[in-house]
Amino acid sequence: TRDFYRRESLDYLTQNTCPDYLTKAETRLGEEAARVNHFLNQSTEPKLKQITETELIYNHAKTLVEMENSGCVPMLKDGKVEDLKRMYDLFSRVPSTLDCLRDCMCDYVRKAGRELVTDQERVKEPVAFVKGLLDMRDKYDRLVTEAFRSEKKSQKKLKDAFEAFINADSRCASYLVLYIDELLKSSLKGLSEEEADVLLEKVIVIFRYLQDKDIFENFYKQHLAKRLLSGRSVSEDAERSMIAKLKQECGYQFTSKLEGMFTDMSISKETMEQFQRPEDSSIELEVSVLTTGYWPTPSVPPCRLPQELLPVHDAFQAYYLAKHTGRKLTWQTNMGNADLKARFNAKNWHELNVTTYQLCILMLFNRTDTISLDDARELQIPESELKRHMISLCTPKHRILKKSSKGKGIGPDETFTFNTEYSSKLKRVKIPLVSQKEGGLGGAGAKSVPETVEEDR
């Protein structure tokens with residue numbers, strides 16, 4: 001029997017593909033078992049079983065896995081679940097051969113992951129990159145579940161493979177945050193609670209692989225702050241669900257500041273409902289009072305606000321400090337935004353949505369048609385931010401101001417004139433900020449490990 005199967009297996013292996021051989025081996029093992037049942041003494045079964053499994057499986061396991069055009073790698077590449085399942089089931093008869101199969105799967109997934117991480121086109125688009133990562137995880141998780149029968153050792157090998165390539169690039173942590181940001185700002189819109197939970201749970205699976213959880217936390221706080229302050233979350237329930245999942249993974253300490261941010265927003269809403277603006281002021285004020293330490297906001301000295309805003313500003317400050325004795329309010333004018341009506345000529349006016357800095361700049365034109373850069377500096381806006389906000393008001397698409405020189409930069413003797421010829425098809429126009437590089441700030445791309453994280457480490 002041994003000699004027969006040794007010769008037959010070698011001959012068949014040299015002339016056929018791996019799937020064909022597996023099918024043949026499966027048939028032969030079945031025939032041998034049936035032969036024992038019908039014709040032979042039962043005491044011969046263990047020895048015959050050991051001989052056939054050794055000759056058909058054990059002696060060729062490595063060769064079968066490594067076959068160039070039909071072995072394990074082509075099966076993984078093409079998602080041939082049935083063939084992989086047959087290979088796993090056959091190898092399970094000789095458990096020592098399974099390591100060869102698991103290692104091949106792990107190496108292949110790790111290599112495919114590295115290709116994804118180094119794909120320059122994908123890496124340029126963080127959301128597309130994470131979608132590719134999630135699709136890849138779904139594909140191989142399903143494969144391990146169906147073909148490898150959800151075996152624990154195979155699941156561990158898959159986990160090792162993902163951890164290896166995900167943690168080789170610290171950008172993965174920040175990209176995962178950007179993907180979650182996209183979900184919570186738009187992609188979850190219209191989905192049921194159950195459908196949203198499935199998407200968030202997939203994200204958590206990738207989060208578990210991350211070693212740079214401190215980088216993730218740093219970026220997550222920044223993007224959560226922007227969503228809360230701009231009111232751009234699709235659903236507060238989804239936001240809280242995501243934080244609950246992170247809390248479950250990492251404990252209270254990891255999410256305490258995130259939960260504190262929600263508390264601040266809730267208290268701010270109650271505060272604004274109770275505050276009454278001065279009767280002689282037509283300006284509507286919305287203030288978010290943020291607890292220092294919860295929010296990832298740099299402390300920037302407030303700029304000089306226009307005279308028109310001071311009555312309502314002072315009234316809120318007096319109201320808040322009277323209600324909360326012992327507290328200190330520091331105005332973060334670098335973070336606010338405003339809606340203002342701008343009349344460009346007798347027939348044309350628009351409502352502009354701008355930052356607080358841009359509001360302060362534009363209000364200077366209530367008194368004059370042209371200002372210099374030095375006039376704008378009197379607002380005490382940090383120099384780099386002043387130039388960036390002024391350039392944003394001079395872009396071809398949103399040319400609210402005309403600057404004296406051509407080009408994207410701002411010269412030392414630059415002057416700015418209110419553009420009375422500006423027009424737009426929209427009555428309400430949002431003025432976007434140019435990137436810091438366009439604002440004349442230069443500088444390299446974002447660091448892979450933020451400075452605050454480096455300090456904490």
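Predicted model: local features only at pLDDT ≥ 70, side-chain atom pairs only at ≥ 80, totals over all residues.
Reader: OK, at what angle do α12 and α14 pack, and how far apart are their axes?

Author: About 30°, with 11 Å between the axes of α12 (residues 193-209) and α14 (residues 236-250). The axes are lines fitted to C-alpha atoms, for helices over the stretch in contact, and angles run from 0 to 180 degrees between N-to-C directions. Helices are DSSP runs of H or I with at least four residues, strands are E runs of at least two, and both are numbered from the N terminus.

Reader: Roughly parallel or roughly perpendicular, then?

Author: α12 and α14 are roughly parallel. Under 35 degrees counts as roughly parallel, over 145 as roughly antiparallel, 65 to 115 as roughly perpendicular, and the rest as oblique.

Reader: Which residues of α12 and α14 make the contact?

Author: α12 brings D197, L200, E201, V203, I204, F207 and R208, and α14 brings A238, S241, M242, K245, L246, E249 and C250. Contact means heavy atoms within 4.5 Å.

Reader: And how does α10 sit against α12?

Author: The axes of α10 (residues 152-166) and α12 come within 8 Å and cross at roughly 75°, which makes α10 roughly perpendicular to α12. K159, F162, E163 and I166 of α10 meet I206, R208 and Y209 of α12.

Reader: Switching to the sheet: what's the strand order?

Author: β3-β5-β4, an open sheet of three strands with antiparallel pairing. Two strands pair if DSSP finds at least two bridges between them. At the edges are β3 (370-372) and β4 (401-403), each pairing on one side only. The twist averages 25° from one strand to the next.

Reader: How many bridges join β3 to β5?

Author: Three, with β5 spanning residues 415-418. T370 has T417 as its bridge partner in β5.

Reader: Last one: is α19 mostly covered or mostly open?

Author: Mostly covered: seven of the ten residues in α19 (residues 383-392) are buried, meaning under 20% relative accessible area, with exposed over 50% and partly exposed in between (1.4 Å probe, protein chains only). Among them are L386, M390 and I391.

Definitions and conventions. Residues numbered from 1 in each chain as written. Heavy atoms only, no water.
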